[in-house]
Amino acid sequence: MTTAYSESSTERIPGRAWTVRITGHGARAAQVACSNTACRMPARSEDLNGLRVFAAAHAAAHAKAAKVNPSAYCHCGSQRCGAHPEIKTSCAGGVVMILRHDPIMRRVWSLEEVCETCAPLIPNATVVARAARPDRTTKRPASPNPQAQAPARPGIAGGFSSAPAEGDPAPVRRSRGVSQRPRRRRSGQGR
């Protein structure tokens, strides 16, 4: 069962999907099939409950072995959101792995990489894994000039700057070169 991805780039790739299905043969015999042709399946059997247990365990094994690819795009969206046709939405959010199993049909298990928006809209789906979020706390290399890394205060319309953050030194006020001489009154103004 090959389920791990080896992409290291940020290029979007199609979301993966596996389907495990029990198909009947004749009056009572059935067999399990997996969409991954590399998987080994048991022989045809009359023990339908045993095949259901195997199929559920096989789908769970795919879910456990598959590492969710954060660069995948929604498998549901690539199928034009056919899994939830009555609710239209745009694919968005992180990538999750869902397991779909209809308790009424009881013969099909689907494992899919979908977006966080589609996942709750898909009937009989359970989120079994989430893509790892990228680490946003990477440290910057030390600079020889500590002043170069000091963040500028955000500008506000009109040329003002924001208030200093807690722990920042108080801003230094500069004089504008205003002389200390008294103002002269203009002629024509009342005295």
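# Sheet, salt bridges and cores in a predicted model

Author: In this predicted model, five strands make up an open sheet, ordered 3-2-6-5-7, with antiparallel pairing. Strand 3 (29-34) and strand 7 (125-130) are at the edges with a single partner strand each, so one side of each has no neighbour in the sheet. From one strand to the next, the twist averages 20 degrees.

Reader: Which other elements does the protein chain have?

Author: There are two helices and nine strands. From the N terminus, their order is β-β-β-α-β-α-β-β-β-β-β.

Reader: Why is the contact of Arg 16 with Glu 113 called a salt bridge?

Author: The term requires a side-chain nitrogen of Lys or Arg within 4 Å of a carboxyl oxygen of Asp or Glu. The closest N and O atoms of Arg 16 and Glu 113 are 2.7 Å apart, so the pair qualifies. Arg 16 is in the loop between strand 1 (13-14) and strand 2, and Glu 113 is in strand 6, 97 residues apart. Both residues are buried.

Reader: How many salt bridges are there by this rule?

Author: The count is three. Another of them joins Glu 112 and Arg 100, at 3.0 Å from N to O. Because Glu 112 is in strand 6 and Arg 100 in strand 5 (residues 95-101), the pair ties together parts twelve residues apart in sequence.

Reader: Is Glu 112 called buried or exposed, and how do you know?

Author: Buried means under 20% relative accessible area. Glu 112 has 7% relative accessibility, so Glu 112 counts as buried. Arg 100, at 24%, counts as partly exposed, because that class lies between the cut-offs of 20% and 50%.

Reader: Which residues touch the most other members of the largest nonpolar core?

Author: They are Val 20, Ile 22, Val 32, Ala 55, Met 97, Trp 109 and Leu 111, in a core of 21 residues. Strand 2, strand 3, helix 1 (48-65), strand 5 and strand 6 supply at least two residues each. Helix 1 gives the most, with four residues.

Reader: What does Ile 22 touch?

Author: Leaving aside residues up to four places away in sequence, Ile 22 touches Ala 30, Gln 31, Val 32, Leu 48, Leu 51, Arg 52, Ala 55, Arg 107 and Trp 109. A second, separate core has ten residues, including Cys 74, Cys 76, Cys 81 and Ile 122.

Reader: What share of the protein chain is buried?

Author: Of its 191 residues, 25% are buried. The accessible surface is about 14,600 Å², and 51% of that belongs to carbon and sulfur atoms.

Technical notes. Residues numbered from 1 in each chain as written. Predicted model: local features only at pLDDT ≥ 70, side-chain atom pairs only at ≥ 80, totals over all residues. Heavy atoms only, no water. Buried < 20%, exposed > 50% of the residue type's maximum accessible area, 1.4 Å probe, protein only. Areas by Shrake-Rupley, 256 points an atom, 1.4 Å probe, with all protein chains shown as cover. Pairing = 2+ DSSP bridges. Axes fitted to C-alpha atoms, helices over the stretch in contact; angles between N-to-C directions. Core = buried A, V, L, I, M, F, W, Y, C linked by side-chain atoms within 4.5 Å. Contact = heavy atoms within 4.5 Å.
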